[in-house]
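Subject: Structure handover

Dear colleague,

Please find the structure below. My notes follow it.

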Amino acid sequence: MNYRHSFHAGNHADVLKHAILLRMITLMQRKDAPLCYLDSHAGTGLYDLQGEDAGRTGEYLDGIGRLWARDDLPELLADYRQAVMLHNPGGELRLYPGSPQLVADVLREDDRMIVSELHAEDAQTLKDHFAHDYRIAVHQRDGYELPKAFLPVAEKRALWLLDPPFEKGDELQRCITAVQAGIQRMRQTVIALWYPVKDERLLRPFYQSIARAGLPKVLRVELGVRPTDTSLGLNGSGLMLVNPPWPLWEQLEETLPWLASQLAQSGEGSWRMDWLAGGP
Ligand SMILES: C[S@@+](CC[C@H](N)C(=O)[O-])C[C@H]1O[C@@H](n2cnc3c(N)ncnc32)[C@H](O)[C@@H]1O
């Protein structure tokens, strides 16, 4: 395992993932009934954007950095920036919350969070960080085991972020298998599966497999910051959203064009959103 999220925290892919994750949980929290959040590949809680790793790549400058001082953010992005501001009360962008921290900040008293991270040091950091929060359980284990270990949850309402590093060639297929297992165990689970978009053509078998995986509803959301027909690094990213809460897609219709135009690194930026299974 070589991947360390500290090099990439706050980049364009995190903006897309975290803004949507935050909106999904707040939409689910419109109902009083408690929910359980599962974060299978959690990273750590907080990243120092002025530390050595983030400083070396500077990726956050073209992500959260581009939104930080704007006064014209669409509402969904303004809420996301507000969540990041919570950790930067002085106004200067320094600390960036990862997915477990973002969700921990909005967890209600009866909500629960189950987190797994395989990297021993990161898992220990998370354990220490959340040690005093009775709602949060941190496990150092393989995140792909999470659905079998914890679904169905007693709350009957679950949101699962599946966000692996994609270091190995079979990881897209592992994700599909894990998502299928999750849905088989609890059909109403809301799932956000993040994936990198480098060369879009290479993703076609993945799209086809997701569409044929027997999932109830799947919304595909993608954001491109560079043309996606070149293999030049992370040209964009996407989320497969299983059972997304209404009216997320209506809110994203308003948000994605703006975000694509603002985060573009070459050309105009691009976005797309469509249903690969089921529909609204
Ligand atoms: C993309 S990062 C996670 C970022 C985090 N979800 C966020 O949004 O802030 C992926 C993480 O998965 C961890 N990881 C890699 N393989 C894993 C596995 N099989 N199970 C659990 N964690 C794993 C890596 O150590 C890394 O911290």
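This is a predicted model: local features need pLDDT of at least 70, side-chain atom pairs count only at pLDDT 80 or more; totals for chains, interfaces and linings use all residues.

Residues are numbered from 1 along each chain as its sequence is written, and side-chain values use heavy atoms, with hydrogens and water left out.

The ligand is surrounded by 19 residues, of which H18, S99, E117, G143 and D163 are the closest (a residue counts if one of its heavy atoms lies within 4 Å). By class, this shell has five nonpolar, nine polar and five charged residues (Ala, Val, Leu, Ile, Met, Phe, Trp, Tyr, Cys and Pro count as nonpolar, Asp, Glu, Lys and Arg as charged, and the others, Gly among them, as polar).

Polar contacts are pairs of N or O atoms within 3.5 Å. A polar side-chain atom of D163 is 2.7 Å from a nitrogen atom of the ligand. A backbone N or O atom of G143 also lies 2.7 Å from a ligand nitrogen atom, and for a polar backbone atom of H41 the distance to a nitrogen atom of the ligand is 2.9 Å. On its own the ligand has 600 Å² of accessible area (Shrake-Rupley method, 1.4 Å probe), and the protein covers 97% of that.

Helices here are DSSP runs (H or I, at least four residues), numbered from the N terminus. The axes of α1 (residues 12-28) and α4 (residues 75-85), as lines fitted to C-alpha atoms over the stretch in contact, come within 9 Å and cross at roughly 95°. The two helices are therefore roughly perpendicular (65 to 115 degrees). Contact (heavy atoms within 4.5 Å) involves D14, V15, H18, A19, L22 and R23 of α1 and E75, L76, L77, D79, Y80 and A83 of α4.

Regards

Methods. A polar contact is a pair of N or O atoms within 3.5 Å; within protein, one must be able to donate a hydrogen and the other to accept it, and residues adjacent in sequence count only if both atoms are side-chain atoms. Axes are lines fitted to C-alpha atoms, for helices over the stretch in contact, and angles run from 0 to 180 degrees between N-to-C directions. Angles under 35 degrees count as roughly parallel, over 145 as roughly antiparallel, 65 to 115 as roughly perpendicular and the rest as oblique.
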